[in-house]
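Subject: Structure handover

Hello,

Here is the structure I promised to pass on. Please have a look at it before reading my notes.

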Amino acid sequence: MNRLFLICLFFSSTCLAKSTNNLIILTTFSESSIEPVIQQFQKQHPDASVKVLHRRGEAGLRLLEKPYHDIDIVISSSRLAFLPIIKKKGFLPLGDLQLTPTAERQAQRHDLPNNVTVFGCAGYGLMWNTHYLKKHHLDIPSTWESLAQPQYFRHIIMSSPSRSGSSHLMVENILQRYGWEQGWKLLLQIGGNLASISARSFGVSDAVSRGLAGIGLVIDNFAYESQKQFPYIGFQYQDFSPQLPSYIAAINNTNQANHSLAFIEFMLSDKIQNNMLEGSLHKHNLKQSEDLPFTVQPIDHKLVQQRAVLVMQLFEQVINHQLVALNQAWQLLHKISSIETLSATQRQQYALAVKLASTPPVTAAEANNTAHFRNLTMSQSNVFTAKHINNWRDTMALQLEHSIRLSKQILADSKEER
């Protein structure tokens with residue numbers, strides 16, 4: 001009886017595993033950027049029914065990690081979004097799809113498995129609202145370091161690395177360029193000048209365009225999209241930043257979509273490639289990606305992957321969750337920096353207050369120890385994770401509290417002396 005049941009179950013599941021014209025695409029791209037492309041594809045393939053699932057980085061990862069899903073295509077600028085399927089060896093081989101030499105070079109450059117390809121790329125930099133800057137008498141920012149200046153206090157916005165793959169790479173670029181300790185020092189100084197942290201990467205460009213903030217850390221396609229609508233939006237690439245590829249791959253699943261490989265071929269076609277920068281995607285096509293308008297700094301993707309959860313969780317605890325205290329600490333430090341008559345003791349106290357407000361609760365040695373945070377996850381219900389993130393949050397809160405107390409004392413003493 002049991003044997004008969006198993007045989008029936010086997011044949012019924014085999015019958016259910018059939019191809020379909022329903023194509024399901026998971027993407028971290030905004031609806032406004034991807035929908036026009038979908039419409040063009042459906043004109044060429046009228047028998048295809050396309051459903052698009054928009055998910056932010058971490059939400060997309062959770063969906064892909066589920067044992068049963070019906071996703072056929074993944075499109076994202078976040079390499080991490082592809083890891084669950086790479087680990088399961090679950091991507092469809094590209095088969096007879098003919099990649100151009102440029103596409104092959106891009107795949108090799110970014111150390112991709114042969115069933116994941118690149119269809120375009122982007123860069124990132126600083127976006128600003130010229131009306132806002134004039135109103136608040138602010139200079140146009142030029143570098144990451146300039147964002148730490150007192151004039152930009154609470155005039156900056158960015159998105160969280162845990163919600164945005166491009167923001168994660170921005171943060172990693174700073175950490176790899178300046179080193180762990182100096183990188184976090186700069187990030188915490190910029191964090192002290194943040195007006196807010198957006199839950200969506202395209203929420204940054206929206207806030208700057210609407211005048212809710214003056215300056216945003218953005219991927220270039222969001223800035224280009226805003227510039228088409230608002231002539232007062234400025235943008236400047238950051239030199240020595242990485243190329244941000246846009247990846248695409250097809251997933252091998254039970255009800256395989258007939259048009260999976262056709263869609264990848266469509267994204268690599270001249271029709272899409274020739275109009276990519278001017279179209280809704282606002283990406284540099286594969287040919288343009290060979291000669292970008294900024295100095296490209298290679299990024300160590302293995303290091304990014306190795307400490308991804310650590311960097312995302314640490315940012316959440318020391319910047320996102322501490323934003324009010326971080327603002328207060330740096331507002332006071334900015335005031336002290338303009339005082340020219342500090343005593344030797346006050347200068348020592350000031351240096352300590354700066355150090356407390358710009359030192360993360362994880363050392364470079366701990367971050368470089370691959371075994372130390374190996375069991376860290378993005379789930380706060382995980383006991384190991386909860387222990388560490390609560391410790392980081394408490395430690396940073398105490399450091400900021402101490403920094404604020406020192407700064408208030410320096411300012412009070414300085415006022416009495418005058």
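First, the ground rules. This is a predicted model, where local features need pLDDT of at least 70 and side-chain atom pairs count only at pLDDT 80 or more, while totals for chains, interfaces and linings use all residues. Residues are numbered from 1 along each chain as its sequence is written, and side-chain values use heavy atoms, with hydrogens and water left out.

Salt bridges

Side chains of opposite charge can pair when their charged atoms come close. How many salt bridges does a search of the whole structure find? It finds three. The term means a side-chain nitrogen of Lys or Arg within 4 Å of a carboxyl oxygen of Asp or Glu.

Start with Glu172 and Arg307. Their closest N and O atoms are 2.7 Å apart. This pair links distant parts of the chain, 135 residues apart. Glu172 sits in helix 7 (residues 165-178), and Arg307 in the loop between helix 13 (301-306) and helix 14 (308-320). Helices here are DSSP runs of H or I with at least four residues, strands are runs of E with at least two, and both are numbered from the N terminus.

Is Glu172 buried or exposed? Glu172 has 0% relative accessibility, so it counts as buried. Arg307 is buried too, at 6%. The cut-offs are under 20% relative accessible area for buried, over 50% for exposed, and partly exposed in between (1.4 Å probe, protein chains only).

Next, Glu401 and Arg405. Their N and O atoms come to 3.7 Å. Both residues lie in helix 18 (residues 383-417), four residues apart, about one turn of the helix. Glu401 is partly exposed at 47%. Arg405 is partly exposed at 48%.

Then there is Arg210 with Asp206, at 3.3 Å from N to O. Arg210 is exposed at 57%. Asp206 is partly exposed at 33%.

Around the strand 6 to helix 7 loop

Arg163 lies in the loop between strand 6 (156-159) and helix 7. Arg163 is partly exposed, with 36% relative accessibility. Ser164 lies in that loop as well. Ser164 is buried, at 3%. The side chains of Ser164 and Ser166 are joined by a polar contact of 3.1 Å. That term covers a pair of N or O atoms within 3.5 Å; within protein, one must be able to donate a hydrogen and the other to accept it, and residues adjacent in sequence count only if both atoms are side-chain atoms.

Best wishes
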